[in-house]
Amino acid sequence: MSDKRRDLMSEISETFNLAIKVQEEFLKSGPFPELSLTEVHVIEAVSKEKFPTMTNVARRLQVTVGTLTTNVKSIMKKGFLEKEQYEKDHRFTILRITSKGYEALAYHDRFHRELSALYEERISDDQFNWVLDTFEKVIVGLKDYQENLRQKTIKKSIKSSSRGR
């Protein structure tokens, strides 16, 4: 790997880590310091689901239902989410965002708007379009890589289970 490519990987990693840190600091300095960034992203995922069951939200977040359950319990104790039986089919429990949860989402959205304004100040339209195109390509590449990893895991699992027979 060339030095420039290594430097790029380092910059991407540093940018990602700094963005997370800044977002956490924004959240802690606002009206909802009791919420973690992970918890806000759970609430956000619930808001984006048409049918927000635990399974659907866990799938959106790419976590296990067990992991989500731990987060949801904490978020519910803090008053940002509620669980309720789905009226049309009582086998399903859906997650519902409380008014306090919607306020937290609005505050989180404010962070994204402020960040967008910051980028707009510093990046020309031409540069922005190039960055956007580049990130879209990187995301496609990462998703392909992720799928390849999943396929390897499945193949490995099949091999080890067939040996155990």
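Helices (H or I, at least four residues) and strands (E, at least two) are taken as DSSP runs, numbered from the N terminus. By this rule, methionine 1 falls in the segment before α1. The structure is a predicted model, in which local features need pLDDT of at least 70, side-chain atom pairs count only at pLDDT 80 or more, and totals for chains, interfaces and linings use all residues. Residues are numbered from 1 along each chain as its sequence is written, and side-chain values use heavy atoms, with hydrogens and water left out.

The protein chain contains six helices and two strands. From the N terminus, their order is α-α-α-α-β-β-α-α. The radius of gyration, taken over C-alpha atoms, is 20 Å for the protein chain. A compact globule of 165 residues would have a value near 15 Å, under a rule of 2.2 Å times the number of residues to the power 0.38. Along the principal axes, the C-alpha atoms fill a box of roughly 55 × 55 × 25 Å.

Of the 165 residues of the protein chain, 23% count as buried. The accessible surface is about 12,500 Å², and carbon and sulfur atoms account for 55% of this surface. These areas come from the Shrake-Rupley method with a 1.4 Å probe; for residues, only the protein chains shown count as cover.

Contact means heavy atoms within 4.5 Å. Among contacts between residues at least 6 apart in sequence, 48% join residues at least 24 apart. The protein chain carries 29 positive and 25 negative side chains. Lys and Arg count as positive, Asp and Glu as negative; His and the chain ends are not counted. The centres of the two sets lie 11 Å apart, with each charge placed at NZ of Lys, CZ of Arg, CG of Asp or CD of Glu.

In soluble globular proteins, nonpolar side chains tend to be buried together. Here, a nonpolar core is a set of buried Ala, Val, Leu, Ile, Met, Phe, Trp, Tyr and Cys residues joined through side-chain atoms within 4.5 Å. The largest such core has 23 residues, of which Leu35, Ile43, Leu68, Val72, Phe80 and Leu81 touch the most other members. Two or more residues come from each of α1 (3-28), α2 (37-48), α3 (54-61), α4 (65-77), β2 (93-97) and α5. Helix α2 gives the most, with five residues. Leucine 68 is in contact with Val42, Met54, Val57, Ala58, Leu61 and Val63, leaving aside neighbours within four places in sequence.

Helix α5 spans residues 99-122 and includes tyrosine 102. Tyrosine 102 is partly exposed, with a relative accessible area of 49%. Its C-alpha atom is separated by 9.4 Å from that of leucine 81, 21 residues apart along the chain. Histidine 108 also lies in helix α5. Histidine 108 is buried, because its relative accessible area is 2%. Beyond residues up to four places away in sequence, histidine 108 touches Gln23, Leu37, Val40, His41 and Glu44.

Lysine 83 is placed in strand β1 (residues 81-85). At a relative accessible area of 39%, lysine 83 is partly exposed. Leaving aside neighbours within four places in sequence, its contacts are Met54, Val72, Met76, Thr93, Ile94 and Leu95.

Glutamine 62 is found in the loop between α3 and α4. Most residues other than glycine have a negative phi. Glutamine 62 is not a glycine, yet has a positive phi of about 60 degrees. With 54% relative accessibility, glutamine 62 counts as exposed.

Methionine 1 also counts as exposed, because its relative accessibility is 67%. Methionine 1 touches Arg6 and Met9, not counting residues up to four places away in sequence. Serine 124 lies in the loop between α5 and α6 (125-163). Serine 124 is partly exposed, at a relative accessible area of 36%. The C-alpha atoms of serine 124 and glutamate 114, ten residues apart along the chain, are separated by 17 Å.

Definitions and conventions. Buried < 20%, exposed > 50% of the residue type's maximum accessible area, 1.4 Å probe, protein only.
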